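Welcome! Take a moment to look over the sequence and turn the structure around before reading on.

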Amino acid sequence: MAVLACSLGKREINQHFTVRNAKLISLAVVALLLVFHAALRRYGGGDSCDWLLSRGRYLGENVWQPYGCMMHKYKSTEAKTCLADKRVAFVGDSRIRQLFYSFVKIIDPERREDGNKHEDIFFKDERSSVNVDFLWYPEANNSMKERLIAWTYEASVKPDVIILGAATWSIKLHSGSSDTLQQYKSNLTAIAVPLERLAEHGEVYWVLQDPVNEAVLSENRKMITNQQLELYNEAAADVLNSSKYNGKSRVKLLAASRQAAMETITQSDDGLHLPESTRNVGAMVLMNSLCNKILKPIDGSCCQTLPPPNFLQKLSAFFFLGSAIVFAALHVLGNNRHRRPVPPDVESLEEKKPVTAAIPLGPKAPFQALCRMGVIMGYFYLCDRADVFMKEQKFYTHSTFFIPLIYIFVLGVFYSENSKETKLLNREQTDEWKGWMQLVILIYHVSGASAFIPVYMHVRVLVAAYLFQTGYGHFSFFWLKGDFGLYRVCQVLFRLNFLVLVLCVVMDRPYQFYYFVPLVTFWFVIIYGTMAMWPQILQKKANGSGMWHLGVLAKLMGLLLFICFFAFSQRFFESIFSVWPISQLFELNGSIHEWWFRWKLDRFAVIHGMLFAFIYLVLQKCQVLSEGKGETLFPVKITNLLLFLSIFSFITYSIWASSCKTKTECNEMHPYISVVQILAFILIRNIPGYVRSIYSSFFAWFGKISLELFICQYHIWLAADTKGILVLIPGNPSLNIMVSTFIFVCVAHEVSLITNDLAQVVIPKDTMALLRRLGAMALFSLVVLLLTRGNQLSPGA
């Protein structure tokens, strides 16, 4: 009864929520979000510099998140590069002195707080010629004004950056009287004039007063109350904002550290001075405000102006626009020849293949597909290359990883169904396997779980399992079908690389940036070469003589030696892949190191998959395995032994991964032991007949678009090239992740359909036509590579 109710419930859900309806909803949501964010930036103060300096929240202990943008954590070398030959001046009281020390420690982490109180302090880095001074001016009075006026006339000593603030001494010395507040306003009004002049050719920041912990203030500071500080902050904001130039004050108000201090002031020793972690927030906010526009770190989106589209990006925009115009023209002319509609599968939300052969695609269909692709690429560009949507940094907690993990596995169980096949690693099961692994990897990326080594190592096994499936799947196809034709090869390469190649142009990123696709493509070519080279050994040939099985093993042994040779010859490996034009495919930031790291980490996974496929297909042919519905693969004793060993290996691996101290240490062992976990999973999933007879249609649906999900996440789910998280709904992280995930999945599914449609057009079955197209594509690719190389070699590029 419960099973029937569950089945009816799933059917009811799927009847009303189809893939087509979901995509229409996502399109409407994107349109509304574009209007919302455009209005927010126009009328709600959309400057990311203002967001950085004024608003934010703690993601966790000591991790500050500015509103709507990402804050880069600057290192000493970066700070010195940014501030080289510049003079920075901190002017104010002991709280400004604290900020001065935190700022200097970014430049020189070894710097000690050894300056005398109530005196000027000077710092200089000889190598980079960075000068950072603290000048003791505890009150906003005539002395401070005279110092500022002197700088306006002394260009040789005028600071490039001035950070100043004061109020607590005025409150303390005059017991918080109202007359003192009026005098403070008057003094600030006089000071604002030279500040505006200094801001014409430099950066000037006024630091708003941080709160105090009144309960622990000493007796001579009891008059410094939060109410008083708020009045002084309001006075400073009113005066400095009123001295505007072209509608905006050049003097910037630093309020973010004040907001951070509201949550941490209780940790203050004396109730007045901030704990070091909070001071560091203010210093890092200042560093981002100063340096992001200069160094342009990818994970520092605050205060950063985005570069205009380059030539190839403009060319791609014109190409998609031209495709849309041609599609519109064909539509108006009434050319409506297209595929026979594909009915949706109500149960699985997957599109069924028609029983009869589909009508060939007409001239309108490819332009329609390109038009859809153009809209999607526009969304990609707006998400991660335009200043439209917001971005936030990742922050890992156990709950952000494990709670979504539990949730998706509950959904996966809810959508369990009987499998059409009961063979080991049948198509439904491999789709399910790819699906749940991809969902785990997505949660791993969005939660920043790479910071937690045990999770990192388990996800590394999942990546190895993908490559294992690559070896298993392609070996099985070539062994059983023997199809080594050019058409099949081009179909596979097109489906693997189409989206990534388009993104390389639209998003201006190198091919190696999307590392998994180069990895899978490389191994497909290796598998093809291994199986196609003489002598071609297929199952039909091997059935005639068992000696051919030794030939296959000899090929696999040769492949293993090839892998080992490259793995232990890094210099030779890098020399091979550094040769132009191959280097254009495998270099990242001018280095082949990332490709070497990715290749070496899972170098044995593919050959493990090939060997497993060979052994399984031979055993299947010899009828050693029992693959009937409900039957266990092996006799009872062997079944129990293998299941025990599999579970034991899982537990042992988890204990080992939890004991790893560094990723480097774990990665050294990973290539040799990941296959044990993969085989353990296969055995647990397939040995019991009842487990092999069911699968999760929920996971299988995601498995069919796993490649698109992996690639699309880079720019429309994550942000800043995977360094951060895309924010569509500001102020509500839970709702934001639900909305962005919904749109992201719809886009990935649509890209999968577009890729399949265009593959039929771009890759013709006629060999001569295919060769002509390959020649044209090779020529076009060479021109693009030459243009790219010319841009890299040109001065100032």
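Predicted model: local features only at pLDDT ≥ 70, side-chain atom pairs only at ≥ 80, totals over all residues.

Let us begin with the hairpin. Strands β1 and β2 form it, with 2 residues between them. The two strands pair in the antiparallel sense over 4 bridges, and Gly56 stands opposite Pro66 in β2. In the turn sits Asn62, which has a positive phi of about 70 degrees.

| Element | Residues |
|---|---|
| Strand β1 | residues 56-60 |
| Strand β2 | residues 63-66 |
| Strand β5 | residues 130-136 |
| Helix α16 | residues 453-481 |

Next come the cores. The largest nonpolar core holds 149 residues, and Met377, Tyr379, Trp433 and Trp599 touch the most other members. Helix α16 gives the most to this core, with 17 residues. Apart from it lies another core of 44 residues, including Cys69, Val88, Leu99 and Ala283.

Trp599 deserves a visit of its own. Leaving aside neighbours within four places in sequence, Trp599 is in contact with Leu519, Phe522, Trp523, Ile563, Phe566, Ala567 and Phe573.

Finally, find Phe134 in strand β5. Is Phe134 buried or exposed? Phe134 is buried, because its relative accessible area is 0%, under the 20% cut-off. Not counting residues up to four places away in sequence, Phe134 touches Phe90, Gly92, Asp93, Ile96, Arg97, Phe100, Glu119, Asp120 and Ile121. Gln368 is 234 residues from Phe134 along the chain, and their C-alpha atoms are separated by 64 Å.

Conventions
Residues numbered from 1 in each chain as written. Heavy atoms only, no water. Pairing = 2+ DSSP bridges. Core = buried A, V, L, I, M, F, W, Y, C linked by side-chain atoms within 4.5 Å. Buried < 20%, exposed > 50% of the residue type's maximum accessible area, 1.4 Å probe, protein only. Contact = heavy atoms within 4.5 Å.
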